[in-house]
Amino acid sequence: MQEANLDGVNGLLDDMVKADPEWSRFAAVPGLTDSWNDIKEKFEVAREEFKAIILEAHGRKKAEHADWLKTVRDMLKHRDSDARALILDYEKLKKKVMRALQSDPTDTGLLSHPKVR
C-alpha cells in the first residue's frame, strides 16, 4: 500500500470525521446523522474500487519499469562487450606495432593503420 502511495486511504473517512469540528454538533441533533452508515458503506465500496484500480496501475508501472531496466542493462552489456572487443583489438595491434618496430625500426608501414596514433 505504501509503495503505491495509498497509506491514508483506509482511514480517510474516519480522519475527516475526527478532524471536523462541527461533527460533534451534527451528532447531537437527532436524526441528522442517520444516513451516515449508508454514506460510509458507499464510500467503502468506492474506496475498494479505487484501491484496486490504483494497485493495478502500480503493478503495470512496476512491470514497465522492470522491462525498461532490463532493456537498459542488456544494451549496456552489449556496448560493454563491444568496447572490450575494441580495446582488445587495439592492444593486440599496439603489441604488433611495437614488435614490428623493435625488429625493424625503419619499417613504418603499420604506423599508417587507422587505429594506431
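Lysine 40 is partly exposed, with a relative accessible area of 28%; here buried means under 20%, exposed over 50% and partly exposed in between, using a 1.4 Å probe and protein chains only. The model is predicted, so local features need pLDDT of at least 70 and side-chain atom pairs count only at pLDDT 80 or more, while totals for chains, interfaces and linings use all residues. Residues are numbered from 1 along each chain as its sequence is written, and side-chain values use heavy atoms, with hydrogens and water left out.

The side chain of lysine 40 meets that of aspartate 14 in a salt bridge, at 3.7 Å from N to O. Aspartate 14 lies in helix 1 (residues 12-19) and lysine 40 in helix 3, so this pair ties together parts that are 26 residues apart in sequence. Aspartate 14 counts as partly exposed because its relative accessibility is 36%. A salt bridge here is a side-chain nitrogen of Lys or Arg within 4 Å of a carboxyl oxygen of Asp or Glu, and the helices are DSSP runs (H or I, at least four residues; strands are E, at least two), numbered from the N terminus.

Side chains of opposite charge can pair when their charged atoms come close. One of the bridges joins aspartate 74 to lysine 70, with 2.9 Å from N to O. Both residues sit in helix 3, four residues apart, about one turn of the helix. Lysine 70 is exposed at 53% relative accessible area, and aspartate 74 is partly exposed at 40%. Elsewhere, salt bridges that share partners join Arg47, Glu48 and Lys51 into one network.

Lysine 51 counts as buried at 11% relative accessibility, whereas glutamate 48 is partly exposed at 40%.

## The span and cover of helix 3

Helix 3 has 68 residues, which should span 100 Å at 1.5 Å a residue; its end C-alpha atoms are 98 Å apart, which agrees. The expected span is 1.5 Å times one less than the number of residues.

The buried residues of helix 3 are Trp36, Arg47, Lys51, His58, Leu93, Val97 and Ala100. Their cover includes helix 1 and helix 2, where contact means heavy atoms within 4.5 Å. Glutamate 44 is another residue of helix 3, and it is partly exposed at 34% relative accessibility. Its C-alpha atom is separated by 8.6 Å from that of asparagine 10, 34 residues apart along the chain.

## A nonpolar patch

Phe26, Val29 and Leu32 form a nonpolar patch on the surface, with about 250 Å² of accessible area together. Patches are made of residues with over 30% relative accessible area and no salt bridge, joining like charges within 9 Å and nonpolar side chains (Val, Leu, Ile, Met, Phe, Trp, Tyr) within 5 Å. Areas come from the Shrake-Rupley method with a 1.4 Å probe, and for residues only the protein chains shown count as cover. Valine 29 is in the loop between helix 2 (23-28) and helix 3 (36-103), and it is partly exposed at 40% relative accessibility.

## Confidence

The mean pLDDT of the protein chain is 85, and 90% of its residues reach 70 or more. This score is the predictor's confidence in each residue, from 0 to 100. Confidence is lowest in helix 2, at a mean of 79, and highest in helix 3, at 91.
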